[in-house]
Amino acid sequence: GKPETIKSGYRTEYHNKNDGGSSNSQHTKGRAADSVVSGIRPIEVAKYAESIGMKGIGLYPSFVHVDTRTTKFYWCGHEQEHRTTFGGNGSGAKIEFAKSFSKAFVGSYKTTDSLNMRIGAGTNKSLLITIPKGKKVICHGYYTTIDKRHWYCVDYINTKGDKYTGFVSSGYLSKK
């Protein structure tokens with residue numbers, strides 16, 4: 001019941017390469033679309049795509065990639081971090097990351113300084129957005145990296161109303 005905008009469909013090999021797409025992209029075969037549904041968070045679109053049986057789903061901060069592949073492959077972000085589910089499989093499962101993910105510390109936080117949001121847990125992951133000091137984020141849980149650092153998975157809505165979901169270092173958040 002909401003308007004959908006297709007951000008990218010078929011791409012020529014040239015366009016796909018210039019867009020940073022995979023050399024084996026489903027877009028170059030005319031089998032993929034990147035879309036935004038007005039007023040619906042990308043994670044909810046990914047859950048819905050999973051619930052109706054889509055096999056190729058990529059979750060990005062501002063859109064969802066879906067394709068018609070016949071084997072299941074779910075990922076998050078440009079670095080294609082693997083996911084086993086988006087929670088749309090009808091089992092009531094929550095979002096699962098390929099590695100352990102804890103639901104501790106769920107709730108509202110404020111940034112204590114400017115804070116880089118990334119597509120995954122770690123400074124080696126691509127930057128999504130820098131969140132200004134004093135802004136509210138909603139934490140869904142945290143992920144502990146191999147070097148024992150905590151990264152919170154959070155939602156942030158900027159002043160334009162754009163919603164972002166990504167990871168931030170827990171050291172720059174306060175419960176106040």
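Analyst: The side chains of Asp 34 and Arg 11 form a salt bridge with an N to O distance of 3.2 Å; the term means a side-chain nitrogen of Lys or Arg within 4 Å of a carboxyl oxygen of Asp or Glu. This pair ties together distant parts of the chain, 23 residues apart: Asp 34 belongs to strand E2 (residues 32-37), while Arg 11 is in the loop between strand E1 (4-8) and helix H1 (13-18). Helices (H or I, at least four residues) and strands (E, at least two) are DSSP runs numbered from the N terminus. The model is a predicted one, in which local features need pLDDT of at least 70 and side-chain atom pairs count only at pLDDT 80 or more, whereas totals for chains, interfaces and linings use all residues. Residues are numbered from 1 along each chain as its sequence is written, and side-chain values use heavy atoms, without hydrogens and water.

Asp 34 and Arg 11 are both buried, that is, under 20% relative accessible area, with exposed meaning over 50% and partly exposed in between (1.4 Å probe, protein chains only).

The whole structure contains four salt bridges. Another of them joins the side chains of Arg 41 and Asp 155, again at 3.2 Å from N to O. It also links distant parts of the chain, with Arg 41 in the loop between E2 and helix H2 (42-51) and Asp 155 in strand E12, 114 residues apart. Arg 41 is partly exposed because its relative accessibility is 24%, whereas Asp 155, at 13%, counts as buried.

A further salt bridge, at 3.5 Å from N to O, lies between the side chains of Glu 44 and Lys 47. These two residues are separated by about one helical turn, because they are three residues apart in helix H2. Glu 44 is partly exposed at 35% relative accessibility, and Lys 47 is partly exposed at 25%.

Asp 162 is placed in the loop between E12 and E13 and is partly exposed, with a relative accessible area of 33%. Apart from neighbours within four places in sequence, Asp 162 is in contact with Tyr 156 and Ile 157, contact meaning heavy atoms within 4.5 Å.

The largest nonpolar core has 14 residues, of which Met 117, Ile 131, Tyr 152 and Val 168 touch the most other members. Among the elements that give two or more residues to this core are strand E12 (150-157) and strand E13 (163-169). A nonpolar core is a set of buried Ala, Val, Leu, Ile, Met, Phe, Trp, Tyr and Cys residues joined through side-chain atoms within 4.5 Å. In soluble globular proteins, nonpolar side chains tend to be buried together. Val 168, leaving out residues up to four places away in sequence, touches several residues, including Leu 115, Met 117, Ile 131, Tyr 152 and Leu 173.

Finally, the structure holds zero disulfides, a disulfide being a pair of cysteine sulfur atoms within 2.5 Å. Cys 76 is in none, and the nearest cysteine sulfur, that of Cys 153, lies 7.9 Å away. Cys 76 is buried, with a relative accessible area of 11%. Cys 139 is likewise in no disulfide, its nearest cysteine sulfur being that of Cys 153 at 7.4 Å; Cys 139 is buried, with a relative accessible area of 1%.
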